[in-house]
Amino acid sequence: MAPEAAEEMARAQESFFGNPSSPYLEGRAARAALERARQRASALVGCDPAEVFFTGSATEANHLALRSAALADPSRRRVLISAIEHPGVYDQWDDLEGEGISVQEIPVEGSGVLNLEALGALLGPDVAAVSVMTAHNETGVLQPVEEVGRLCARWGVLFHTDAVQALGKVPSPWRTAAPHYLVVAAHKLYGPKGIGALAARKGAPLLPMLRGGGQEGGVRSSTEAVPLAVGFGAACSLALDRLDEAAHMASLRDGLETACVSRHGAAVHGAASPRLPNTSFASFPGLPGADLLSALDARGVAVATGSACHGAGSGLPRVLARMGVESALAGCALRVSLGRATTGDDVESFLEALSESVSEVRSRCHG
Ligand code: PLP
């Protein structure tokens, strides 16, 4: 977490113990803190504060958005979901079909970018909603959400974008792509875990999943988590101020990748596509990603393979399968994320640890 966000949260924990729905002084103070957090989140998204609904997570916000869009109009019974959505979106497939909605997958190219032609061919007057994320969580590949927004507008289709990985790293697509629903998670932009937000454009249908006290405009009943919202709001303001750090991060990432390719023959997935500045997803041929992960972990370096929960049944990342990466290479994938605090020295230390890890895994595999 950003120290600024942690500090504001700690103060909020002490100062705002009132319930924001209570009419007395403590309640009003908590309400004011909550609304300030909403205003700060809306500034990052680029929407009106009244369009921001706090949720317990991005997963919850993604469910709220997609269900609302899919079930809004009984004359539209098809939903299009990109092949590479996070499971919090993709795994709603069966639930939607259980509600009588026909779900179809929008393919991606080998580059990791959505196939816009295929989307154009799938769209029609019976489509209720399209879900395409702003940036992929493993490859970091930025999706052509502006074009998606234009295509959706042409057919009067509701457009949902999971912007969890993108916000705070690239400018918000709220105005440029005009999604009806945009989802954010605090913990992906140096805020606390356990809070997300749905930005829902005025007039976009909203079907509450939780009923009760009518909080968040009746969209999400539950007493609001004021300290979490305060931390989220602080993180949003910071993220907005620091958007220009992206170029530096991208240059560190590019240097890291160049070394991985030249020293270890790595294949960087989505390398030729526009990407987030902080993410690198590369395969090291012949070296199982899980083994490299363990070897790096032992050297104090935290990396990911495509996580098992993103698997295409085989435990391999669905995104790589859909990009047409053969499974032997997909099994050798490692995802490295840089952050705000990453320095050139960190990259050098990583590359050293990687070289040692590669030698260790290679000798184990082949020796
Ligand atoms: N969407 C994307 C693109 C993500 O990367 C994540 C988290 O990893 C989520 C959604 C889910 O976020 P949360 O764990 O807050 O529900």
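Reader: How many salt bridges does a search of the whole structure find?
Author: This is a predicted model, in which local features need pLDDT of at least 70 and side-chain atom pairs pLDDT 80 or more, while totals for chains, interfaces and linings use all residues. Residues are numbered from 1 along each chain as its sequence is written, and side-chain values use heavy atoms, without hydrogens and water. With a salt bridge taken as a side-chain nitrogen of Lys or Arg within 4 Å of a carboxyl oxygen of Asp or Glu, the search of the whole structure finds 19.

Reader: Which residue forms a salt bridge with R38?
Author: The closest N and O atoms of this pair are 2.7 Å apart.

Reader: Which strands stand at the edges of the open sheet of seven strands, and why does each have a side without a neighbour?
Author: The sheet has mixed pairing and the order β1-β7-β6-β5-β4-β2-β3; strands pair if DSSP finds at least two bridges between them. Each edge strand has a single partner strand, so one side is left without a neighbour in the sheet. The edge strands are β1 (52-55) and β3 (102-106).

Reader: Which residue in β7 is the bridge partner of T55?
Author: Strand β1 runs antiparallel to β7 (residues 196-200), and four bridges join them. In β7, the bridge partner of T55 is G196.

Reader: Which residue in β9 does V268 stand opposite?
Author: An open sheet of three strands has the order β8-β9-β10, with antiparallel pairing. Its edge strands, β8 (267-268) and β10 (333-337), each pair on one side only. Two bridges join β8 to β9 (residues 279-283). In β9, V268 stands opposite A282.
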